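Please look over the sequence and the model shown here before reading on. The paragraphs that follow go through the sheets, the helices and a few single residues in turn.

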Amino acid sequence: MRSLIEKERPGAIFYVSYDRVDRAVTVDGARAAARAASSIGARFLYVSTDLVFDGRSGNYNETMSATPIMTYGRLKIEAESSVRDAAPGAVVLRPSLMVGESGIIMQPLFECGNLMRGQTTQLYSDEWRSPVHVDDVARAAWDLISGDASGRWHVGGPEKLSRLELGKLLCSMFRFDPKLIVEAKRPDDRPRDTSLDSRRLTEFLGWAPRRLSTLAKPAMAASA
């Protein structure tokens, strides 16, 4: 990776690779990429997650302490620190749960994968996020790295939804069968509410992520 960066000398690098349990990918890889970016003067953006928070309060802004309770969140917060040490001007973008189509993949993978295969899917009624469209995350990442932004930024949608509510919305967006959804309770080892306060980002960029319920309307009308 370092060799490729030094050879191609890009003006900006987006690090999106991760593994939920492998530090080599999520932490070490990010650190190496950030160092390589810094050595050639390239802008660097690291994609983190809302799961760096413990979920006790919700509506988290960038100034609030990140105390993850999941292994994935702990790796991400470690990577954030490593990236900022290696490239002090880096952008750390914390998106909430992403929704939408990317090539042949539909996000979020768990819900969409099961529902697309016609499998019964248990979704939590007591876990809340700020789901955001993948295109809005991509736009925010590009706008931030194209300017002089640095540090941590939150990007979540304007609606706080439970995983159960999101599942029903996904059925409207992608025409899945809502009868496949079964209400379930969140395991104790998952954060309860990692909804994000994205006002800093929206004020800085001058635009806000779209409401997913608005994006679902055309599909709902078509299915009717």
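Predicted model: local features only at pLDDT ≥ 70, side-chain atom pairs only at ≥ 80, totals over all residues.

The names of the elements follow DSSP runs, numbered from the N terminus, a helix being H or I with at least four residues and a strand being E with at least two; two strands pair if DSSP finds at least two bridges between them.

S2 and S3 belong to an open sheet of four strands, which has the order S1-S2-S3-S9 and parallel pairing. At its edges are strand S1 (12-15) and strand S9 (151-155), each of which pairs on one side only. Neighbouring strands of this sheet are turned by 20° against each other on average, direction ignored; for such angles, axes are lines fitted to C-alpha atoms, for helices over the stretch in contact, and the values run from 0 to 180 degrees between N-to-C directions.

Helix H2 (residues 23-40) lies across S1 and S2 and runs at about 170° to S2. Helix H3 (residues 71-86) packs on the sheet as well, touching S2, S3 and S9, and its direction makes about 170° with that of S2. Contact here means heavy atoms within 4.5 Å.

The contact is made by residues including Ala30, Ala34 and Arg35 of H2 and Leu75, Ala79 and Val83 of H3. By class, the residues of this contact divide into seven nonpolar, three polar and five charged, where Ala, Val, Leu, Ile, Met, Phe, Trp, Tyr, Cys and Pro count as nonpolar, Asp, Glu, Lys and Arg as charged, and the others, Gly among them, as polar.

Helix H3 also holds Ile77. Leaving aside neighbours within four places in sequence, Ile77 is in contact with Val52, Ala66, Pro68 and Arg94.

A further open sheet has three strands in the order S5-S4-S8, with mixed pairing. Its edge strands are strand S5 (105-107) and strand S8 (132-133), each pairing on one side only. Strand S4 (residues 98-102) runs parallel to S8 and is joined to S8 by two bridges, and the bridge partner of Val99 in S8 is His133. Helix H6 (residues 163-174) lies across S4 and S5, running at about 25° to S4.

H6 has a helix partner too, for helix H4 (residues 109-116) and H6 pack at an angle of about 55°, with their axes 11 Å apart. That angle makes H4 oblique to H6. The contact is made by Glu111, Cys112 and Leu115 of H4 together with Arg163, Leu170, Cys171 and Phe174 of H6, and it has five nonpolar, no polar and two charged residues.

Between S5 and H4 there is a loop in which Pro108 lies, and the peptide bond that joins Gln107 and Pro108 is cis, with omega about 0°. Arg9, in the loop between helix H1 (2-8) and S1, has a phi near 50°, a positive value in a residue other than glycine. Most residues other than glycine have a negative phi, and most peptide bonds are trans.

Aromatic rings complete the tour. Rings of Phe, Tyr and Trp (its six-membered ring) pair if their centres lie within 6.5 Å, and planes under 30 degrees apart count as stacked, over 60 as edge-to-face and the rest as tilted; by this rule the count comes to six aromatic pairs. One of them is the tilted pair of Trp153 and Phe204, with 4.9 Å centre to centre and 45° between the planes. Trp153 lies in strand S9 and Phe204 in helix H7 (residues 199-205), so the pair ties together parts that are 51 residues apart in sequence.

Technical notes:
Residues numbered from 1 in each chain as written. Heavy atoms only, no water. Parallel < 35°, antiparallel > 145°, perpendicular 65-115°, else oblique.
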